[in-house]
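Visitor: I am new to reading protein models. Could we go through this one by question and answer?

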Amino acid sequence: MEIKEKFPGIFLIDGKLAVKNQISGWRPFGEQLIKVGSTEYRFWDPNRSKLAAAIMKGLKVVPIKEGDKILYLGIAHGFTASFISSIIGKNGIIYGVEFAPRVFNELLPVTEKAKNIVPILGDARKPETYSWVETCDVVYVDIAQPDLTEVAIRNCKAFLKRGGYLLLAIKTQSIDVTAPAKRIIDCEVEKLRAEGFEILDVRSLEPFEERHGFVVARM
Ligand SMILES: C[S@@+](CC[C@H](N)C(=O)[O-])C[C@H]1O[C@@H](n2cnc3c(N)ncnc32)[C@H](O)[C@@H]1O
């Protein structure tokens, strides 16, 4: 078996993505676990997570590290967040915003176990309603809305530290169902540039996610 640390805390085990499991036996979404010596790894399915898909598509920068503070918009039931939770460890924290009450309820058992995720039932379009959130190292946005980039920018201005990173998942169908995906992604990237973001990487997520892009930028 070949185990390679692709990015800090993110492993490739025989070509499959995994993280170290912070709670022995924990598989909140039925993921496969594997024990190597005294370390348990939890496999991370790129068909269910845009960050995992972006990594499998060759993302050059994954600016998430041990101890980071993360604002996560559109955390849903916490699939991707549960892996980020393992990467940042017990000294890190995720502030997870979700506006759909039913989805939010499904998130709660994950946050109870993970301990480093603060669930926030709120609307990412209204950052003033969670203004108590501290300044973060990373803002992660996956809200699948027509104004996703504008919402991301507004939250970065409110919560992201200077030199901090934005990770933005772009669902192009939410913006325009007719235009080519690449044109929409380019247009959203230009909006970030116009606001002074430095674009570090842009990936198409196909075939894992049809007509989706993923951007890593620095503010
Ligand atoms: C594609 S799903 C997120 C999947 C999740 N990021 C993951 O990888 O596990 C998008 C989520 O964003 C939420 N959402 C959409 N608009 C939102 C908003 N304005 N504020 C907060 N959450 C929002 C939706 O309810 C949905 O749960």
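Visitor: What volume does the largest pocket have?
Guide: Keep in mind that this is a predicted model. In the largest pocket, the space comes to about 410 Å³.

Visitor: Which elements give two or more residues to the lining of the largest pocket?
Guide: The lining of this pocket has 22 residues. Nearest the centre of the pocket lie Gly-74, Ile-75, Ala-76, Glu-98 and Asp-142. By class, the lining holds eight nonpolar, seven polar and seven charged residues. The elements that give it two or more residues are α2 (79-88) and β7 (93-98).

Visitor: Which residues are closest to the centre of the second largest pocket?
Guide: The second largest pocket has a volume of about 160 Å³. Its lining is made up of 14 residues, and these divide into seven nonpolar, three polar and four charged. Closest to the centre are Lys-16, Phe-43, Trp-44, Asp-45 and Pro-46.

Visitor: How many aromatic pairs are there, and what kind do Tyr-95 and Trp-132 form?
Guide: The count of aromatic pairs is eight.

Visitor: Is Trp-132 buried or exposed?
Guide: Trp-132 sits in the loop between β8 (117-121) and β9, 37 residues from its partner Tyr-95 in strand β7. Tyr-95 has 8% relative accessibility and so counts as buried. Trp-132 has 52%, and the cut-off is over 50%, so Trp-132 counts as exposed.

Visitor: Why is the pair of Tyr-130 and Phe-159 called stacked?
Guide: Tyr-130 is in the loop between β8 and β9 and Phe-159 is in helix α4, 29 residues apart. Tyr-130 is buried at 0% relative accessibility, and Phe-159 is buried at 3%. Their ring centres are 5.5 Å apart and their planes lie at 20°. Planes under 30 degrees apart count as stacked, so this pair is stacked.

Visitor: What span should helix α4 have, and how far apart are its end C-alpha atoms?
Guide: Helix α4 covers residues 148-159, which makes twelve residues.

Visitor: Which elements do the buried residues of α4 pack against?
Guide: The buried residues of α4 include Leu-148, Val-151, Ile-153 and Phe-159. The buried residues of α4 pack against β6 (69-73), β9 (136-141), β10 (160-171), α5 (172-175) and α6 (181-194).

Terms used. Residues numbered from 1 in each chain as written. Predicted model: local features only at pLDDT ≥ 70, side-chain atom pairs only at ≥ 80, totals over all residues. Heavy atoms only, no water. Helix = DSSP H or I, 4+ residues; strand = E, 2+ residues; numbered from the N terminus. Expected span 1.5 Å × (residues − 1). Buried < 20%, exposed > 50% of the residue type's maximum accessible area, 1.4 Å probe, protein only. Contact = heavy atoms within 4.5 Å. 1 Å grid on protein atoms, 1.4 Å probe; cavity = no way out; pocket = protein on both sides within 12 Å on 5 of 7 lines; lining within 4 Å. Points joined across faces, edges and corners; volume = space filled by probe spheres on them. Nonpolar A, V, L, I, M, F, W, Y, C, P; charged D, E, K, R; others polar. Phe/Tyr/Trp six-rings, centres within 6.5 Å; stacked < 30°, edge-to-face > 60°.
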